[in-house]
Structure formats: structure tokens, C-alpha cells
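Please look over the sequence and the structure shown below.

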Amino acid sequence: MYNVDYTPGCEPWYIADRLRVPEYDVRYRGYGWNKVQQVAHASRTHLGIKVHPDAFMLHRPHLASNALEFFWREKEKGGSFFKKITGLYQQQAALLEANAFVPRTDERSQRCRRVLPWWQVPQQQRQQQ
């Protein structure tokens, strides 16, 4: 494996420890920037980006969500929604630079982390923290 530097705006497919990777900001949900935001945040923490030279992933084509199609239409016409999302990204970048970014979560995400067994920290790992 080898390390790579984070490039703003990159959206790699990745594998990460779900208990260590930062949450994504729900304000991006459905617009395709949630992973970009999460990778940017992870790159500013203790997590690095490593490439495994013998591994690869396949991306299966799929239809764009209605929200993403709306986002691209807004971009084409310079609409207020596009400006809102890009402004949010710029604000987040500044907060990351100042080590002050905290992703916004919602009740659904918080509930999943509380009740789903795969989000629970194993006892052995809790003792090591």
C-alpha cells in the first residue's frame, strides 16, 4: 500500500472503519457531495488515504436521484439551490481548515448509531479507548 495526498473535491470509493470515519453532513444527502465532504473531513483527522495496488472496485451504473438531477438543473441555470450547496461546501472547507467543522446529523442517523448492532463499539475496543 502507499499513501496519497487528499485533493479537494476528490470522491474516491473507499473502505474505512465505520467507528473511526467521521459522519457525513446530512445537508448534502441526495446531492452527491456527502462523500466528498466526508473524505475531506477524514483527510483532516488521523485517517490517511492509502491505495492498495492490487485491489479495485467496480461501480455499477445507476440512475441519478431526483435530488441530484435537480441539483444539476440548478447548476445549469445558476439557481439559488446550487449556490446554497456550493456555499455550504465552501463554508465547510473553511471550518475544516480551522479544525472547527462538525458535521450536522439528524435524528435518523443518530438513532441508527444508537440501536443498530454494527454501530456499537465492541467491549474490547471500548476498554482500549
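Where in the protein chain is confidence lowest, and where is it highest? The lowest mean, 59, belongs to helix H5 (residues 123-128), and the highest, 91, to H4. Here confidence is pLDDT, the predictor's own value for each residue on a scale from 0 to 100. Helices (DSSP runs of H or I, at least four residues) and strands (runs of E, at least two) are numbered from the N terminus. Over the protein chain the mean pLDDT is 85, and 94% of the residues reach 70 or more.

This is a predicted model, in which local features need pLDDT of at least 70 and side-chain atom pairs count only at pLDDT 80 or more, while totals for chains, interfaces and linings use all residues. Residues are numbered from 1 along each chain as its sequence is written, and side-chain values use heavy atoms, with hydrogens and water left out.

Side chains of opposite charge can pair when their charged atoms come close. In the whole structure, six salt bridges are found, each defined as a side-chain nitrogen of Lys or Arg within 4 Å of a carboxyl oxygen of Asp or Glu. The scale is set with a 1.4 Å probe on protein chains only: buried is under 20%, exposed is over 50%, and partly exposed lies in between.

Another salt bridge links Asp106 and Arg108, whose closest N and O atoms are 3.4 Å apart. Asp106 counts as buried at 16%, but Arg108 is exposed at 58%. Glu107 pairs with Arg114 at 2.8 Å between the closest N and O atoms.

The largest pocket has a volume of about 770 Å³. Of its 28 lining residues, Trp13, Tyr14, Ile15, Ile49 and Lys50 are the closest to the centre. A pocket is an open set of points on a 1 Å grid over the protein atoms alone, where a 1.4 Å probe fits, with protein on both sides within 12 Å along at least five of seven lines; lining residues have an atom within 4 Å of a point. H1 and strand S2 (49-51) each supply at least two residues of this lining.

Definitions and conventions
Grid points are joined across faces, edges and corners, and a volume is the space filled by probe spheres set on the points.
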